[in-house]
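Please look over the chain shown below before reading on. The briefing is meant to be read with the model open, one topic at a time.

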Amino acid sequence: MYEASHAGKVKRKKGCAPLDLASVGTLIYREAEKTFSAEMENLTMKLNVPDMSCGHCAGVITKAIRAVDPTADVKVDLPSKTVEVTTAAQVPSISKALLDAGYPNTAA
Ligand SMILES: [Cu+2]
């Protein structure tokens, strides 16, 4: 009698386990997918580049950023000496690329 009820308990547990695992697995997968797409998402950063003064500077800066991320969207605004970059690259990588190209910069 004890054995029978015990077996029944085990059987019920067994019947539940795959269902739970499946839904938990799907949740984990969805969270992972969310994290993944967040990491891949392009972020827009704005940098102050005080030494930028003409179209040539804008060209050099755009080229330096595209060397880090060829798909980066670069918007140079000469009057305000700011550069808006939409990229999957990290801010420090873009900032360093500009510094290496001769343009010290700070976050705007
Ligand atoms: Cu210039």
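What follows describes the layout of the chain, its sheet, its helices, its core and a few single residues.

This is a predicted model, and the chain in it holds three helices and four strands, arranged along the sequence in the pattern α-β-α-β-β-α-β. Of the 108 residues, 14% count as buried, while residues 24 or more positions apart account for 63% of the contacts with a separation of 6 or more.

- The four strands form an open sheet in the order 2-3-1-4, with antiparallel pairing, and its edges are strand 2 (73–77) and strand 4 (106–107), each of which pairs on one side only.
- Strand 1 and strand 3 are joined by six bridges in the antiparallel sense, and within this pairing Met45 has Val85 in strand 3 as its bridge partner.
- Strand 1, which covers residues 43–48, also runs antiparallel to strand 4 and is joined to that strand by two bridges: Asn48 stands opposite Thr106, and Leu47 has Ala107 as its bridge partner.
- Strand 2 and strand 3 are antiparallel as well, with five bridges between them, and the partner of Asp73 in strand 3 is Thr86.
- As background to these pairings, strands of a sheet pair through backbone hydrogen bonds, in either a parallel or an antiparallel manner.

**The hairpin and its turn**

- Strand 2 and strand 3 form a hairpin in which four residues lie between the two strands.
- Lys81 is located in the loop that links strand 2 and strand 3, and this residue has a positive phi of about 55° although it is not a glycine.
- Is Lys81 buried, exposed or partly exposed? Lys81 has 18 C-beta neighbours inside 10 Å and therefore counts as partly exposed, since 20 or more would be needed for a buried residue and 12 or fewer for an exposed one.

**The helices against the sheet and each other**

- Helix 3 lies across strand 1 and strand 3, and runs at about 35° to strand 1.
- The axes of helix 2 and helix 3 come within 9 Å and cross at roughly 135°, so the two helices, helix 2 and helix 3, are oblique to each other.
- The crossing of helix 2 and helix 3 is right-handed.
- Where the two helices meet, Ile61, Ala64, Ile65, Ala67 and Val68 of helix 2 face contacts with Ser93, Ile94, Ala97 and Leu98 of helix 3.

**The nonpolar core**

- Which residues make up the largest nonpolar core? This core has 12 residues in all, namely Leu47, Val49, Met52, Ile61, Ala64, Ile65, Val83, Val85, Ile94, Ala97, Leu98 and Tyr103.
- Helix 2 (55–68), strand 3 (82–87) and helix 3 (91–100) each supply at least two residues of this core.
- Leaving aside residues up to four places away in sequence, Leu98 touches Leu47, Val49, Ile61, Ala64, Tyr103 and Asn105.
- In soluble globular proteins, nonpolar side chains tend to be buried together.

- Asp73 lies in strand 2 and is exposed, because 12 other C-beta atoms are found within 10 Å.
- Asp73 and Thr44 are 29 residues apart in sequence, yet their C-alpha atoms are 8.8 Å apart in space.
- Gly59 belongs to helix 2 and is exposed, with 11 other C-beta atoms within 10 Å.
- The C-alpha atoms of Gly59 and Val76 are separated by 9.0 Å, although these two residues are 17 residues apart along the chain.

Note on methods: Residues are numbered from 1 along each chain as its sequence is written. This is a predicted model: local features need pLDDT of at least 70, side-chain atom pairs count only at pLDDT 80 or more; totals for chains, interfaces and linings use all residues. A nonpolar core is a set of buried Ala, Val, Leu, Ile, Met, Phe, Trp, Tyr and Cys residues joined through C-beta atoms within 7 Å. Two residues are in contact if their C-beta atoms, placed from the backbone, lie within 7 Å. Two strands pair if DSSP finds at least two bridges between them. Axes are lines fitted to C-alpha atoms, for helices over the stretch in contact, and angles run from 0 to 180 degrees between N-to-C directions. Angles under 35 degrees count as roughly parallel, over 145 as roughly antiparallel, 65 to 115 as roughly perpendicular and the rest as oblique. A crossing is left-handed if the near helix is turned anticlockwise from the far one by less than a right angle, and right-handed if clockwise.
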